[in-house]
Amino acid sequence: MIEVVFVRHGEAAHSWGEHTDPGLSELGKQQAEHAAYTLTGIVPSELVLISSPKLRAQETAAPLADLRSAPVMIDANFQEVPSVTDLANRQEWLKSLMRSRWSEVKEPVVNTWRDNIIEGVHRLGHHSVIFTHFMVLNVIIGHIRQDDRVLQFWPDNASITRCRLNNGTLELVELGAELDTHVN
């Protein structure tokens, strides 16, 4: 059995509609520190740290990497959903996507992104903590639930969702804290 923990990045310094790759806000940095200390008590000592290539995810991974004196592997399979529109229209596009079902999504790049997330998780051969994004977590939970809805839950910034791979099946152990505020 392989433990797989997903951590949504801390609060970003800019909204999804304002910047393509923002780092963390001051609050986001505090959230990352808190997540690192929380994870220290719940994850196995032998594990691999994996991050989306996006700056906010890497900055969220940094405190745990420092505590563990461990490197962070960058894996593009766990980056945020690729936008099929320009920066000015990204938030509206994302809202529309979140109201959809995967069977309705017609953009090949988005469907390939989703498939790569699921395949990436199933290829893990070691206990892992993956620092990632809101939509990635929704792909994972939808896959576990075998639910076609794009939006499964509203993971809060730096929330910790615990799963396990058991004989090739991904199982939910504990859903992370849900958002009290809007997705920016």
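**Strands and cores of a predicted model**

Visitor: Which residue of β6 does Arg162 stand opposite?

Guide: The structure is a predicted model. Strand β5 covers residues 160-166, and it pairs with β6, residues 169-174, in the antiparallel sense over five bridges. Within β6, the residue opposite Arg162 is Glu174.

Visitor: Which residue in the hairpin of β5 and β6 takes a positive phi?

Guide: The hairpin of β5 and β6 has two residues between the strands. A positive phi near 55 degrees is found there, at Asn167.

Visitor: In which sense do β1 and β5 pair?

Guide: Strand β1 spans residues 2-8, and six bridges link it to β5. Ile2 stands opposite Leu165 of β5, while Val4 has Cys163 as its bridge partner in that strand.

Visitor: Which residue of β4 is the bridge partner of Phe6?

Guide: Strand β4 comprises residues 128-132, and five bridges join it to β1. These two strands run parallel. In β4, the partner of Phe6 is Ile130.

Visitor: Are the residues of β1 buried or exposed?

Guide: In a regular strand the side chains alternate between the two faces of the sheet. Ile2, Val4, Phe6 and Arg8 point one way from β1, and Glu3, Val5 and Val7 point the other way.

Visitor: Which element gives the largest share of the largest nonpolar core?

Guide: This core has 32 residues, and Phe6, Val81, Leu97, Trp113, Met135 and Ile140 have the most contacts inside it. Two or more residues come from each of β1, α3 (90-98), α4 (108-122), α5 (134-145) and β5. The largest share is seven residues, and it comes from α5.

Visitor: How many residues does the second, separate core have?

Guide: Ala35, Leu47, Ala61 and Leu64 are included in this second core. Its number of residues is 16.

Visitor: Which backbone oxygen does the side chain of Ser128 reach?

Guide: Ser128 is part of strand β4, and it counts as buried because its relative accessibility is 2%. Leaving aside neighbours within four places in sequence, Ser128 is in contact with Glu3, Val4, Val5, Leu47, Val48 and Ile50. At 2.9 Å, its side chain reaches the backbone oxygen of His126.

Definitions and conventions: Residues numbered from 1 in each chain as written. Predicted model: local features only at pLDDT ≥ 70, side-chain atom pairs only at ≥ 80, totals over all residues. Heavy atoms only, no water. Pairing = 2+ DSSP bridges. Helix = DSSP H or I, 4+ residues; strand = E, 2+ residues; numbered from the N terminus. Core = buried A, V, L, I, M, F, W, Y, C linked by side-chain atoms within 4.5 Å. Buried < 20%, exposed > 50% of the residue type's maximum accessible area, 1.4 Å probe, protein only. Polar contact = N/O pair within 3.5 Å; in protein donor to acceptor, adjacent residues only side chain to side chain. Contact = heavy atoms within 4.5 Å.
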